[in-house]
Amino acid sequence: MRFITSETELADIIRKGGVIAYPTEAVWGLGCDPFNELAVRRILALKSRPESKGLILVAGAQEELAPWLKILDSDAMQRLVSLNETPTSWVVPDTQITPSWVRGEHKSVAIRLSQHSPVQRLCAAFKGVIVSTSANPAGLAPAMNADEVYAYFGDKIDAIFHASLGEASQPSQVRDILTNKLFRA
């Protein structure tokens with residue numbers, strides 16, 4: 001496991017099936033290529049998280065959301081790409097784009113357009129969305145710094161992105177893209 005400052009190097013690790021830790025808007029997250037089943041299963045095992053719960057995806061720019069934007073009406077499209085004061089992950093109907101190992105038991109996927117610069121740079125270097133799940137084993141508090149990430153996972157992850165945590169006070173809220181129903185505050 002290495003501390004890395006280069007988004008290009010981190011994106012290469014993700015493309016090769018690696019798992020990284022990175023700072024999000026409020027807590028540290030674990031990330032990988034959502035279309036790489038082995039990498040996603042590795043995160044689920046690290047977290048002792050059941051696949052059935054599903055995982056959030058994060059994008060750094062609107063163009064990375066293109067596959068999902070194509071399936072939404074204009075109001076839902078606007079919600080997905082809107083800039084929100086509170087980080088918001090939107091639950092989007094989806095059975096065709098996102099693999100079942102990311103969606104879990106759902107016919108939808110939660111997607112967030114991040115306004116946090118390190119996440120934006122990482123997604124831009126990767127050229128797509130990545131998995132965004134808190135960096136902690138089930139039942140423990142999310143890591144709030146790189147030292148906590150290392151204490152939880154040590155060399156079981158491939159790299160830690162040496163960048164700053166965002167200033168949000170809590171992880172993203174989760175809302176339904178069609179109804180605006182709040183699932184997680």
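Does Cys32 count as buried or exposed, and at what relative accessibility? At 0% relative accessibility, Cys32 counts as buried, where buried means under 20% relative accessible area, exposed over 50% and partly exposed in between, with a 1.4 Å probe and protein chains only.

The model is predicted, so that local features need pLDDT of at least 70 and side-chain atom pairs count only at pLDDT 80 or more, whereas totals for chains, interfaces and linings use all residues. Residues are numbered from 1 along each chain as its sequence is written, and side-chain values use heavy atoms, with hydrogens and water left out.

**View 1. The residues of strand 3 (residues 28-31).** Strands (E, at least two residues) are DSSP runs, numbered from the N terminus. Trp28 and Leu30 point one way from strand 3, Gly29 and Gly31 point the other way, and all are buried.

**View 2. The hairpin of strand 2 and strand 3.** Strand 2 (residues 20-23) runs antiparallel to strand 3 and is joined to it by 4 bridges; two strands pair if DSSP finds at least two bridges between them. The hairpin has 4 residues between its strands, and Pro23 stands opposite Trp28 in strand 3.

**View 3. Strand 3 beside its partner, strand 7 (residues 130-134).** These two strands run antiparallel and are joined by 2 bridges, with Ser134 in strand 7 as the bridge partner of Gly29.

**View 4. The cysteines Cys32 and Cys123.** A search of the whole structure finds 0 disulfides, a disulfide being a pair of cysteine sulfur atoms within 2.5 Å. The cysteine sulfur closest to that of Cys123 belongs to Cys32 and is 12 Å away, too far for a bond. Cys123 is buried, with a relative accessible area of 0%.
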